[in-house]
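My entries follow in the order in which I looked things up.

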Amino acid sequence: MEIIDVICEAAQKSTPTADVGLIRRCHDFAKQRHAGQMRRSGEPYLVHPLGVAKIIAELNLDVASICAGLLHDCVEDTSATSEDIGRLFGTEIQRLVDGVTKLGQIAWNTREERQAENFRKMLLAMARDIRVILVKLADRVDNMRTLQYVSRDKQERIARETREIYSPIANRLGIQWMKVELEDLAFRYLEPDDYQDLSTKMAGTQAGRDVYIAEVCQELQRVLAAASIPAQVSGRAKSFWSINQKMKRTGRELEQVYDIVAFRIITDSVQNCYAALGIVHSSWMPVPGRFKDYIALPKPNLYQSLHTTVIGPGADRMEVQIRTPEMHRTAEQGIAAHWQYKEPTVLGTGDRQAFAWLHQLMEWQRDLKDPTEFIQTVKIDLFQEEVFVFTPKGDVKALPKGATPIDFAYAVHSKIGDHCSGARVNGVMVPLRYPLRNGDTVDIITSTSQKPSKDWLKFVVTSSAQTKIRHHLRNEQRERSRRLGRDILARELRNHHRSLATAEKERLLDKAAAALRLSSADDLIVHVGYGKVAAEHAYAAIYPQAQSVDATAENLPAAAVEASAQARRMTKRSVGGVRVQGEADIVVRFAKCCSPVPGDDIVAFISRGRGVIVHTRECPKALNLDPARRVEVSWDEETRMLRPVAVEVISTDRPGILAAISKCFTEFGVNIIQAKCKTTEDRRGINTFQVTVSHVDQLKKVVRALQGIEGVTSAERQ
């Protein structure tokens, strides 16, 4: 049976009235358009859209989604246009394909900005129609399954993107099998040595594990049957990525990690879920603190199940999950198990309220104009474990682990967050940085005189709170810069016997803003206040006819003047190894929070009184700075320099370990300028080295070598 027949059969099984004729027409169109195109594997390109459509069909999505899977690369990779899709297959399919298609002919400053803007487009489309992200996730799964055919650099980039964005989104949408597969595939390509080592060890213990799973399943089935509880029992090893993370957290080898097997009990009702839990706890000793009730308190992605860990047969820890068939379907397929496509999908009530976080994307779109910051905010929001707290009226709020009363206040309403002056938790006054715990009842105290503080950014953890606080602070900063800019510009005009009020009345500031490629007169004033536009340059743009022209330049053709200036810029070495918007003679400072080194992706911000401050693009503190003050910078490859950076090495406490670490630095030509070493109570060594490197590649090589030293459990840049 051909793949397209399998897809049509799956569509009809899910929806007997499915229009398989439309699916076949989309297949024929994709086959025609992709004719002659080949994948890196040597297979016809059509294999990929068919693979994507098959995954979508297995998720039991509708015909439009399957068609979008078949057509999703046509607009980007063939001569087909979006209008062709709409004319031939309808506006619904056209809209889905548009949402999935990457941005085309737009010239972004950097690859990172382009990538970030692609994510912005995709996530905003997702907020309007969840099927967009489901198709995109299917696309990513199929690409990850064939990642072995691309270059090593591309493998790492795509795998990192998958780990940071797509796997967390699959988790947030509750599609468990997809999350697990994407995590394991990303692990395989990002940490190939660790993956191969774990894979080999797991294969070596497979036979014994299968016997253990069969015995425990049989025993669970027996005790449940004795209590007249109908149930299906199964067991499986946890994912490679999950086991690897547990090994790193505990510092243990695979042989010392006991609860790598999870058992699942599926029974017919919620009542029997709790009855089965009682049977398990009465048959084996429960491990304190390892019980979680996600039936009474579902996760935000609709996941429901009882989780417990007990000391099972052979004195081994074993995790048991208990749920109903409906809960299991939701756990595996997430939102795809609930979504209805009878009408154009707009988030509404009922189940869809559980995905209110999608609405935040629209708010962030308004508040965060910088695409890199937008996607960074989304990434922060995706990587969270929840705690459940209560309002004074008894409503439940799910917040990330480590959330504070400020986070809670913004979760209730942005105005409550803005004016939060204090909080009571369980009736007792607590500091605003107090970390909330499961079951806390939180009462927020507000004051009209209270405003968001920059200090709040040091301890809030939710993206919503961070975004609202930054937005408020930037508005305040912009207003201060506007007032300062007006004062500076008015003074500059007075020096030339002119008036700012007259210039504004004659709309000269609007013309000057256009000449300086700014959007408005207000922007011009703000840029003067920030220091991005010098007052004399602003005056020259407002009254260009009043400026004297350099006699030498006047006698030269404009192209010759520009060529001469360009030559001077290019031949002059930069100050501090960094060029600011192409200029070499601007002094810069390097932020201590992220310590950029040559080769890092960098960005800079103008700081009044301190000049240009350079950060790495991923620096969290850079997110708190106003994008209006950002300037583009690049490393000057002609200037060789050494930059300090901190490396933390965690190791076992054994004789000779420091000598081995020091030797490793030396072998890679890295000089240690400072070291702080201490031993913890559990006999671990925590060593922080301040070193100098000439390029980020040198740093990466030495960190990889440090990770390979016997006794070193982790080594990473700080």
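**Aromatic rings.** I began with the aromatic pairs, and the structure holds nine of them; I took rings of Phe, Tyr and Trp (its six-membered ring) as paired if their centres lie within 6.5 Å, with planes under 30 degrees apart counted as stacked, over 60 as edge-to-face and the rest as tilted. Since a pair of aromatic rings is described by the distance of the centres and the angle of the planes, I noted both values each time. For Phe-187 and Tyr-195 I found ring centres 5.5 Å apart and planes at 80°, so this pair is edge-to-face. The pair formed by Tyr-539 and Tyr-543 is tilted, with 5.6 Å centre to centre and 45° between the planes. I then checked burial, where buried means under 20% relative accessible area, exposed over 50% and partly exposed in between (1.4 Å probe, protein chains only). Phe-187 and Tyr-195 are buried, and both Tyr-539 and Tyr-543 are buried as well. I also noted that Phe-187 and Tyr-195 belong to one aromatic cluster together with Phe-240 and Trp-241.

**Basis of the model.** I remind myself that this is a predicted model, in which local features need pLDDT of at least 70 and side-chain atom pairs count only at pLDDT 80 or more, while totals for chains, interfaces and linings use all residues. Residues are numbered from 1 along each chain as its sequence is written, and side-chain values use heavy atoms, with hydrogens and water left out.

**Confidence.** The pLDDT is the predictor's confidence in each residue, from 0 to 100; its mean over the protein chain is 81, and 83% of the residues reach 70 or more. Over residues 103–110 the pLDDT is below 50, and I noted 13 contacts in the model for this stretch beyond near neighbours in sequence, contact meaning heavy atoms within 4.5 Å. Residues 340–354 also have a pLDDT below 50, and this stretch has 26 contacts in the model beyond near neighbours in sequence.

**Whole chain.** I read 30 helices and 21 strands in the protein chain, where helices (H or I, at least four residues) and strands (E, at least two) are DSSP runs numbered from the N terminus. Of its 718 residues, 48% count as buried. Among contacts with a separation of 6 or more, residues 24 or more positions apart account for 65%.

**Helix packing.** How do helix 2 and helix 4 lie to each other, roughly parallel or roughly perpendicular? The axes of helix 2 (residues 20–33) and helix 4 (residues 63–71) come within 9 Å and cross at roughly 10°, and the two helices are therefore roughly parallel. I worked with axes as lines fitted to C-alpha atoms, for helices over the stretch in contact, and with angles that run from 0 to 180 degrees between N-to-C directions; under 35 degrees counts as roughly parallel, over 145 as roughly antiparallel, 65 to 115 as roughly perpendicular and the rest as oblique. In helix 2, Leu-22, Ile-23, Cys-26, His-27, Phe-29 and Ala-30 meet Val-63, Ile-66, Cys-67, Leu-70 and Leu-71 of helix 4. By class, this contact of helix 2 with helix 4 has ten nonpolar residues, one polar and no charged ones, with Ala, Val, Leu, Ile, Met, Phe, Trp, Tyr, Cys and Pro as nonpolar, Asp, Glu, Lys and Arg as charged, and the others, Gly among them, as polar.

Helix 19 (residues 405–412) and helix 21 (residues 463–495) pack at an angle of about 85° with axes 8 Å apart, and are therefore roughly perpendicular. Here Ile-406, Asp-407 and Tyr-410 in helix 19 meet Ser-464, Ala-465, Lys-468 and Ile-469 in helix 21; by class, the contact of helix 19 with helix 21 has four nonpolar, one polar and two charged residues.

**Single residues.** Asp-523, found in helix 24 (residues 521–530), counts as buried at 14% relative accessibility. Not counting residues up to four places away in sequence, Asp-523 touches Arg-478 and Leu-518.

Gln-450 lies in the loop between strand 11 (442–446) and helix 21, and counts as partly exposed at 24% relative accessibility. Gln-450 and Ser-421 are 29 residues apart in sequence and 6.1 Å apart in space, C-alpha to C-alpha.
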